[in-house]
Amino acid sequence: MAAAQPGLPAGAAMVRRLARGCWSAFWDYETPKVIVVRNRRLGFVHRMVQLLILLYFVWYVFIVQKSYQDSETGPESSIITKVKGITMSEHKVWDVEEYVKPPEGGSVVSIITRIEVTPSQTLGTCPESMRVHSSTCHLDDDCVAGQLDMQGNGIRTGRCVPYYHGDSKTCEVSAWCPVEDGTSENHFLGKMAPNFTILIKNSIHYPKFKFSKGNIASQKSDYLKHCTFDQDSDPYCPIFRLGFIVEQAGENFTELAHKGGVIGVIINWNCDLDLSESECNPKYSFRRLDPKYDPASSGYNFRFAKYYKINGTTTTRTLIKAYGIRIDVIVHGQAGKFSLIPTIINLATALTSIGVGSFLCDWILLTFMNKNKLYSHKKFDKVVDTLDQHMGQRPPVPEPSQQDSTSTDPKGLAQL
């Protein structure tokens, strides 16, 4: 009689079972088994889930999102602007050359509507502005000679001098005098500004589809001289009244002209290139871009100076603090055209997603139904191939339910 083989340690047996399981999982093949369950509620849930998935892909993915198309966003774009009009302040007529900055006309243009003028400034010494921090003083000892305040207007001389008006005193500075707070004059240019016209010429190009178009359709040279923009009757005449732009942005023109602000003109080119070129049209929208209700950052202003020469040397200048309406032209867009690759990918995704209904109903069937154990026995069978038996693998002993299923349903189909 052969000696009994000593038993394996518990750890080694566990490792052996784990290795056998991994080896079995690597070589086993699984194929679905069809079971017809005659349950109206489960069948209704199954078909409703499939219907919802189908509607989602047909309506949203293919019709709304047009996922059968290859797309391109962010078109190449060029913008040219031109402002026309005249206005008046109290004692002067202003033309385009004076109230439009910068004059060359790009995607950003500023239209001056109010100015604070400090005329006849010369290099010298004068009282610092009271708006500058720690500029007020009582004695010369309160002012440090040579001190430079980056928020101020010049270098302090060390003297405490009377202010331009009132009984206050401020430190004297070496700067362009008088400083801005001393003798500023206000001029309002916004009286006729709502009637200014702005021409916005825009051309876009989608390089992937080699498609180009502009927002001016007519080929007649005098077309732009006799039209203004209207979304319904004249959408390809991009000449806008300044008052119209501000109104469409929901702002009060007089308030905006006094404090200044930034208005965005958004041009959207959404083009379905499966249709004719005439269906690709620009859509305009307008909104204020600067934070209106934030006192620290609302409004828009900038400074510039005009210099005057006498006998060939610069002796005086006029400092201008300008408030205005800045127009930012922003171009967005997306173009799409039918392509076979995204169509196949999305169709495959749709067909695969329909299987979610079967997965959901299987989970309900095997988890919440009254006969879930019986359904589980009917659904999962294990068959060992004869080749594996010859290789030394012992076939598992089928359970009674499996034996019955095999004998009564040789094709693998069971109806409950």
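In the predicted model, the charged end of Lys-92 sits over the ring of Trp-94, 4.0 Å from the ring centre. A charge is taken to sit over a ring if NZ of Lys or CZ of Arg is within 6 Å of the ring centre and within 35 degrees of the ring normal. Arg-114 likewise lies over the face of Tyr-323, at 4.0 Å from the centre of that ring. Residues are numbered from 1 along each chain as its sequence is written. Because the model is predicted, local features need pLDDT of at least 70 and side-chain atom pairs count only at pLDDT 80 or more, whereas totals for chains, interfaces and linings use all residues; side-chain values use heavy atoms, with hydrogens and water left out.

A search of the whole structure gives 15 aromatic pairs. Rings of Phe, Tyr and Trp (its six-membered ring) pair if their centres lie within 6.5 Å; planes under 30 degrees apart count as stacked, over 60 as edge-to-face and the rest as tilted. Trp-59 and Tyr-60 form a tilted pair, with 6.3 Å centre to centre and 40° between the planes. Trp-59 is exposed at 55% relative accessibility, and Tyr-60 is partly exposed at 32% (buried means under 20% relative accessible area, exposed over 50%, partly exposed in between; 1.4 Å probe, protein chains only).

Phe-240 and Phe-286 form an edge-to-face pair, 5.9 Å centre to centre with 70° between the planes. Phe-240 lies in strand E13 (residues 239-241) and Phe-286 in strand E15 (residues 283-288), so the pair ties together parts that are 46 residues apart in sequence. Strands (E, at least two residues) are DSSP runs, numbered from the N terminus. Both Phe-240 and Phe-286 are buried.

Key. Helix = DSSP H or I, 4+ residues; strand = E, 2+ residues; numbered from the N terminus.
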